[in-house]
Amino acid sequence: MALPADPSQLANRARRLYTDELVKGLPEVIRHVVDMARHARDKPSDYQTAQRRRDLAQSLHKSARPWLAGLNKGLMQVLEQGGSVSLAGSLANATAKGLTLVDDDTIDREILTSRLALAIMDRASWEFSDLRSRVASLERRQELGTHDMLRAHVLARVVLEAWHQAGLSSEGWRECQAVLHDEFALLVEEAYHETNRWLISQKVLPDIDLRPFIRRTVQGVAPRTDDPLAGDSGPGPTGYGAGPGRGGASDYGHMGGGGGGGVGSGQQGSQWAGHTGPMPSRPALMRGVGRTGGAQMSGGGGWARPSGRSAVGEETRLMTRAAPLARGSDHAEAVMGRLNRLVGRHLPGFADTAQGPAAVTPRLSRAIDMAQHSMRQRLGPVPMPSGGVEARAPAITTPMLLDDLQHRKQILKQAAETPAERATIEIVAMMFQSILAEERIPAQVRVWFARLQMPVLRVAVSEPDFFATIDHPARRLIDRMGACVMGFDDTARAVGDALEKEIKRIVQVVEAYPDTGRRVFQTVLAEFEKFLEHFFRTENEATRRGVSLAQQVEQRETLAIQYTIELRRMLNEVPVQEGVRQFLFHVWADVLATTAVRYGGNGEETKQMKRAAADLIWSASAKVTREERGEVIRRLPPLLKRLREGMASAGMGTDRQDEQIQALNNSLAAAFTAKAAVIPTERLTELMERLESLEELLPQASDLEIDESIVLDLSGHESSELEVVSDGGSMPSPAMLSWARELMVGSWYMLDYRDRTEPVQLAWHGMRRQLSLFVSANGRCVLFQQHRLASYLQAGLLLPAQEESLTVKATRSALAKLDADPSRLMN
């Protein structure tokens, strides 16, 4: 796209704006740090800790103004003369002059500076990535300078230098390091955010392409590790996952869900609804990978079109520093924090959880009751001409709901007795305005969300933590219900009908217990989770068969692991030939599991398979007499026949059966030549008895420490009714594995698999979430093993449809309106 006029001037103005935002927020940061030190001083502790805290509180109180002055001076200096000015007197400057001895204090400061820079980038990486792209494009270069003032380590050095110049010690910094990291990270993120917003208003890269920041692997050569951002945030380019960010603070922002939505692109929103929890920051290779035909990593490390998904197995190691859900949580909490700060400027103590629950004033309580009664009458079941009532909610349009909301808000504000109540009414009304305006919520369900406004308002007024934490059960309930309904379309009406009935029941229960606060929300939330589990397993036609098949797969895999564990215990001290041992562990344990699933652990077929294992162990032991060898020759044909039947029942092809039989023949030949070890007769008898009662010896499934390598290949479970994902994706990081374990049943995703891209719903999690089943509206069932699921999430082949939860989006919308007009709180 064409750049605006005077691009270099715009870049300079962006840096000035960034500096101004920092300077504007510094007093509040320092006040919070001083307040923290004062509160810590007053807490009971041992003598040495109390003395240390007292000294820090006194030092901060005395040095707060000099520290602030030093910060302002340092920021102006780097703005006017460049980031390299902040290196004066530092370790970098000392080493630049030649090899010299560096004192411990200088090294200590460098360590503290690096930690602060890392903490900042862990939170602000999304916003920095977009700002870096925009400023670099204005200056017509590929990357910002190493010591550009926009980089976190430049600010971190200014902060530490001002701290020490104000007479504060490194020990004092460590005492309050956690708070300092949090405060400066949030401040920098807000500064990046405001600068990005201004640049977008100047038409500078409204949409960011992440491809220039992807490190490609060419012909097996590993990506470079000497990234110029290493001084900022550790490994990898910060733009695609160096840590938590908060894109949601942006009014055009993003949650980073599955590679969708960067700064500037979030206005369009996602076309699919789904995930209730937070999403990781840009786990996909680039925005839109797998959704709109974006490029993928090819086998040789270059770019390829999306055809041939099995070639997407090359590693695209996204070096995430924290679990994606933790980062998403940071995003949501940052939105809440900004809201509380904004409101707190006008109403000190707003959302102060230390105050505990507060009673709703009588006049407002009566007004809420009246409003709730009016809503039940207007939005209740529709009377039928025959005298009955229609179970479905009335067909009320969104404009009607919003008009109703605005009218109720004015009445409630007139009944409010305190400024805090009026502010809460305004914020809750703005949140529900955003929720009700969400186009992806079906119209017949939207009215039930509208009826939750009064119960939510009551808990928001009485429980300050509603605005202080994302874990309030009222928020979680709205998010979970929204995530489940926002993916439905006309092809999934049966599912929508069942969920609508459950949501209706939940809303009516909440309305019936208005004075129980969070308890009723917590209760119905737990009931809703149980409903989803039961619904997908037994009621929903599209998912019921798939869940049943997935459960059989899990049962078989679990039994195979249990049999393997017990067989290893049994043979641990028995001299069984290695080929036989491996056959029993890797082949026959699966045969036993398959037979046990079909016929039961004590079924005759299962017993025959156990006897075959005992016969094989006996046959493979040394045979030194003519009689023993004759007996082996007599037993061998029926034994091999039984082994082939067992392998065939487990889905093994003829070629693999031949390979296994050939390997066993080698072991039996060793026994004939007396090369195998002799197993005492009493030991063989004991083994056979234990095999007969194997089920009684199996470890409990809940106690298993599952070795992922054992269940890595589930391709043998593939059928026309169940697709098993066995390839594709990219090498997942620990953070992606953590995210894969936290996906919520009922949430929607966009899956790109086998040349088909379509929305799917998470319908089932197995034990310890090792297996997960996704089902499309037309009944396509796709089963993932946990490691493969994390691979698809990381590669952007499975994209969460909902970029942020309903209540976080609604809070962000309210924040934007209050940013524009804070007087709405008091009117």
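**Cavity lining and open sheet in a predicted model**

The lining of the second largest cavity comprises 7 nonpolar, 2 polar and 1 charged residues (Ala, Val, Leu, Ile, Met, Phe, Trp, Tyr, Cys and Pro count as nonpolar, Asp, Glu, Lys and Arg as charged, and the others, Gly among them, as polar). This is a predicted model, in which local features need pLDDT of at least 70, side-chain atom pairs count only at pLDDT 80 or more, and totals for chains, interfaces and linings use all residues. Residues are numbered from 1 along each chain as its sequence is written, and side-chain values use heavy atoms, with hydrogens and water left out.

**Cavities**

- There are 5 cavities of 30 Å³ or more (a cavity is a set of points, on a 1 Å grid over the protein atoms alone, where a 1.4 Å probe fits but cannot get out; lining residues have an atom within 4 Å of a point).
- The second largest cavity has a volume of about 50 Å³, volume being the space filled by probe spheres set on the points.
- Its lining includes Arg458, Tyr513, Thr516 and Phe521.
- Helix 14 (453-462) and helix 17 (518-539) each give two or more residues to this lining (helices are DSSP runs of H or I, at least four residues, and strands runs of E, at least two, numbered from the N terminus).
- Helix 14 supplies the largest share, 3 residues.

- An open sheet of 6 strands has the order 5-9-8-7-6-10, with mixed pairing (two strands pair if DSSP finds at least two bridges between them).
- Strand 5 (723-724) and strand 10 (798-800) are the edge strands, each pairing on one side only.
- Strand 6 (residues 748-753) runs antiparallel to strand 10 and is joined to it by 3 bridges; Met750 has Leu799 of strand 10 as its bridge partner.

Notes:
On a 1 Å grid over the protein atoms alone, a cavity is a set of points where a 1.4 Å probe fits but cannot get out, and a pocket is an open set with protein on both sides within 12 Å along at least five of seven lines; lining residues have an atom within 4 Å of a point.
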